Amino acid sequence: MMNFRWTAILGYLGVFEKEKNAGFIVDILCSFSEDEHIKCVMAGDGTELDNVINKVKERGIENRFRFIGYRKDGNDLLKFYDVLIAPSFSEGMSLTLLEAQLTGTPCIVSKHGNDQGCQCGSCGKQRDTAP
């Protein structure tokens with residue numbers, strides 16, 4: 001009998017700035033047990049990147065995250081993700097969400113800004129990003 005372990009890849013693609021709320025993704029992954037085999041690949045750079053990396057280290061979940069820096073191949077990366085997470089505090093309809101829809105990547109978005117109506121195409125459920 002084959003022992004198969006599937007891992008879900010959550011993704012973030014964007015700048016690491018306060019309004020993007022990328023640190024909330026750390027909280028999301030902490031809400032799942034290690035046994036659920038969920039990993040996160042975060043692409044981008046910005047002033048909050050070190051804070052997010054430190055939050056991951058403080059929680060002791062470095063093995064569940066990969067920080068891959070700024071990428072020019074966003075469309076290819078979106079195809080790699082099982083789900084794109086966009087927990088922005090305030091956002092218009094972001095280019096990343098439009099690209100995710102074009103690539104067929106499901107999205108979990110915050111209910112803030114203009115993304116609150118993003119239920120079309122492959123976009124999925126919405127989650128409150130407030131603490």
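**Salt bridges and a crossover**

Colleague: Why is Lys55 called partly exposed?

Modeller: Its relative accessible area is 23%. Buried needs under 20% and exposed over 50%, so Lys55 falls in between. The model is predicted.

Colleague: What makes Asp27 and Lys55 a salt bridge?

Modeller: Their closest N and O atoms are 3.2 Å apart. The limit is 4 Å, so the pair qualifies. Asp27 lies in helix H1 and Lys55 in helix H2, so the contact ties together parts 28 residues apart in sequence.

Colleague: Is Arg59 buried or partly exposed?

Modeller: Partly exposed, because 40% lies between the 20% and 50% cut-offs.

Colleague: How do you know that Asp73 and Arg71 form a salt bridge?

Modeller: Their closest N and O atoms are 2.8 Å apart, so they are within 4 Å. The whole structure holds three salt bridges.

Colleague: Why does Asn21 count as buried?

Modeller: Its relative accessibility is 11%, so it is under the 20% cut-off. Asn21 sits in the loop between strand E1 and helix H1. Its phi is positive, near 60°. Most residues other than glycine have a negative phi.

Colleague: What makes strands E2 and E3 a pair?

Modeller: Four bridges join them, and two are enough, so they pair. The strands run parallel. The chain crosses from E2 through helix H2 to E3, in a right-handed β-α-β crossover.

Technical notes: Residues are numbered from 1 along each chain as its sequence is written. This is a predicted model: local features need pLDDT of at least 70, side-chain atom pairs count only at pLDDT 80 or more; totals for chains, interfaces and linings use all residues. Side-chain values use heavy atoms; hydrogens and water are left out. A crossover is right-handed if, with the strands pointing away from the viewer, the path from the first strand over the helix to the second runs clockwise. Buried means under 20% relative accessible area, exposed over 50%, partly exposed in between (1.4 Å probe, protein chains only). A salt bridge is a side-chain nitrogen of Lys or Arg within 4 Å of a carboxyl oxygen of Asp or Glu.
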